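Here's a quick tour to read with the model open on your screen. Take a look around it before going on.

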Amino acid sequence: MDYYDHPYYPRELYLPTYIPISTNKFALVFLFFAVLFLPLCPVIMFIKQLKDRRFKVWHFVWFFSCFLIHTFFEGYFVLFNRTILSRTDFFAELWKEYANCDSRYVTQDLTVFYIEATTAFLWGPASLFICLLMLNGSLHYHILVFIVSLGQLYGSIIYVATASVPELPYSDPSLYYHLFYFGFFNIFWFIIPVYLMWYSWIILTPHLCTVRLVLVESNVDYKHGL
């Protein structure tokens, strides 16, 4: 195989270990969503049967999805990013397909690696902890929601900003990869975290005001922002 016989951009990338994807790209996308929704279906059924729940169902589903994607899919990348090009398992093929819109995923780029490592090892377990706090009926989960959502938003901004530099053409010029892979798959990590931060802030603000009022009435020093 010629060293440049790969689908990634820039075309002069040297990828001698590349093994072509054996699965159709549309089939890969379908299988990805199927694998994701398979564990979500019983979770949604279970959540909807709960009485007196103090959270929205889709909030729970979002963070459980984040746990699955961050921990297993992105965690896989962190563990095997150096050998993804030569691997042929399902997750490797998914990453090699996604790399058509951002070849940094197959070139051991450190920016992408550290973004994904932070996401996998911090926001993945934290998302599961949020789900557990929701089930426990604790409103404290809103604090963690704000932190995790801010982290997701920050990571997304850094990722998109570093991938969009004109002098570094990492993506196949096809609109399919630009709009669907890079656009569609990433826009959720902007819109939903912003909404959840706003929602949690609305929930937390009255409680913070109540605490401040109690401290004032108790003549407690609240110089630290309460």
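## Ground rules

This is a predicted model, where local features need pLDDT of at least 70, side-chain atom pairs count only at pLDDT 80 or more, and totals for chains, interfaces and linings use all residues. Residues are numbered from 1 along each chain as its sequence is written, and side-chain values use heavy atoms, with hydrogens and water left out.

## The fold

The protein chain has six helices and zero strands, with helices (H or I, at least four residues) and strands (E, at least two) taken as DSSP runs numbered from the N terminus. Of its 226 residues, 42% are buried, meaning under 20% relative accessible area with a 1.4 Å probe, protein chains only.

Take the contacts (heavy atoms within 4.5 Å) between residues at least 6 apart in sequence: 70% of them join residues at least 24 apart.

## Around Val145

Val145 sits in helix H5. Val145 counts as buried because its relative accessibility is 2%. Leaving aside residues up to four places away in sequence, Val145 touches Phe63, Ile130, Leu196 and Ser200. Cys131 is 14 residues from Val145 in sequence, and their C-alpha atoms are 9.9 Å apart.

Key
Buried means under 20% relative accessible area, exposed over 50%, partly exposed in between (1.4 Å probe, protein chains only).
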